[in-house]
Amino acid sequence: MRILQVCPYDLDRPGGVQRHIVDLCAALERAGHVAAILAPGPAPQPAPAASRIYLGARRRLRMFGTAFEIAWVDARQTQALERLLREDAFDVLHLHTPWVPFLQWQVLRRATAPRVVATFHETLAPTGAGHARGALYRVLSRALSRRLDVAIAVSEAPAEYLRLEPRCALRILPPCIDLAAERAIEAPRPGAARASRVLFVGRLEPRKGVAVLIRAFSRLAASRPDASLTVCGDGAQRPALQALARDLGVADRIEFSGALGDEAKRALYARHDLLCAPSPYGESFGLVIAEAMAAGLPVVAAANPGYRTLLTGPGAQGLVAPWDAGALAARMEQVLGDAEMRGSLAAWGRRAALRADVHQRLADFLEVYGARSNGDGSG
């Protein structure tokens with residue numbers, strides 16, 4: 001089978017969508033399929049692998065409290081795009097985040113593959129602008145689904161904005177990644193009741209809720225003199241967050257590491273006792289949470305729709321109301337102060353993370369790619 005995935009983002013910038021696409025492509029290749037990724041250029045140096053095709057331009061913008069990109073193929077590159085789609089004879093065209101203009105729409109308009117699939121990753125903010133976008137997506141998804149065989153939603157949250165034609169099946173499939181390296185981490189979790197090393201991983205922007213975490217950490221630090229927080233990530237909000245830490249008197253106990261590569265990030269998982277994911281909104285799944293779970297870290301997180309998808313059963317003990325710094329501090333105190341609870345959540349997380357492992361879920365994607373939809377909308 002020949003599969004082309006289309007990524008509208010900078011493929012070489014860290015991000016959950018990009019990692020899902022890259023890891024899915026690699027898993028497909030290991031299973032004997034021909035898989036390629038089309039993404040906006042310019043191509044990095046040295047020359048990329050043949051399975052990565054860079055075509056078009058991109059621009060990064062900020063809106064609705066987050067950064068996003070637009071990508072497009074200009075008139076000079078249109079023939080190259082048409083030649084790629086025609087001559088490579090792909091069996092499956094798989095679009096990711098099709099609401100991102102304009103590359104996805106240009107590819108879809110010229111699609112020649114007999115099967116077309118799209119994955120919807122977006123979860124909208126609970127604001128007036130978010131509700132307006134949701135209403136627009138409900139209208140546009142009806143028209144878009146006329147060109148799709150299957151629509152994949154990474155959780156129930158983005159599925160809420162889809163209105164599909166009967167011929168287009170809906171599947172709920174998480175944005176799976178290769179968790180082998182995280183699962184191999186054998187970090188000795190300290191049995192002492194006062195293990196207090198908290199970790200955050202993500203972009204430093206308002207929707208990630210890091211300001212809420214710093215306020216919660218200041219309360220935790222007052223009762224736990226050994227508590228520390230590592231903020232792994234970068235973004236426009238970093239200076240304001242560092243100023244907040246100084247104002248609250250905890251700057252000397254918070255390390256801003258900047259954005260790190262995969263190996264360095266895994267080393268952080270091994271050294272910390274708890275992952276905190278305070279995003280109040282805008283999360284459709286939570287791959288960082290899946291990584292931490294696979295590495296054996298207990299998780300405390302805001303109960304947004306995406307994180308509730310991951311933290312079920314025993315893991316739901318780590319969920320607290322979004323925006324509530326007091327509740328976040330109390331739950332971190334509870335988990336950090338109870339070695340038995342930490343151990344139980346860590347063991348549960350290692351097992352539950354398999355739901356987001358690409359090796360465990362590859363058969364589901366192959367079914368979407370190769371089996372005729374039954375049109376019942378189940379996932």
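Q: Is glutamate 69 buried or exposed?
A: In this predicted model, glutamate 69 is the salt-bridge partner of arginine 60. Its relative accessible area is 3%, and the cut-off for buried is under 20%. Glutamate 69 is therefore classed as buried.

Q: How far apart are the closest N and O atoms of arginine 60 and glutamate 69?
A: Arginine 60 has a relative accessible area of 41% and is partly exposed, whereas glutamate 69 is buried. The two residues form a salt bridge, for which the N to O cut-off is within 4 Å. The closest N and O atoms of this pair are separated by 3.6 Å.

Q: How many residues apart in sequence are the parts tied together by arginine 138 and glutamate 160?
A: A salt bridge joins the side chains of arginine 138 and glutamate 160, at 3.8 Å from N to O. Arginine 138 sits in helix α4, while glutamate 160 belongs to the loop between α5 and β9, so the parts that the pair ties together have a sequence separation of 22 residues.

Q: Which residue meets arginine 146 in a salt bridge?
A: Arginine 146 lies in the loop between α4 and β8. Its partner is 19 residues away, in the loop between α5 and β9. The N to O distance is 3.5 Å, and the partner is glutamate 165.

Q: How many salt bridges does the structure hold?
A: One network of salt bridges links several residues, including Arg19, Asp23 and Glu182. Lys265 and Arg266 are also among its members. For the structure, the salt bridge count is 26.

Conventions: Residues are numbered from 1 along each chain as its sequence is written. This is a predicted model: local features need pLDDT of at least 70, side-chain atom pairs count only at pLDDT 80 or more; totals for chains, interfaces and linings use all residues. Side-chain values use heavy atoms; hydrogens and water are left out. Buried means under 20% relative accessible area, exposed over 50%, partly exposed in between (1.4 Å probe, protein chains only). Helices (H or I, at least four residues) and strands (E, at least two) are DSSP runs, numbered from the N terminus.
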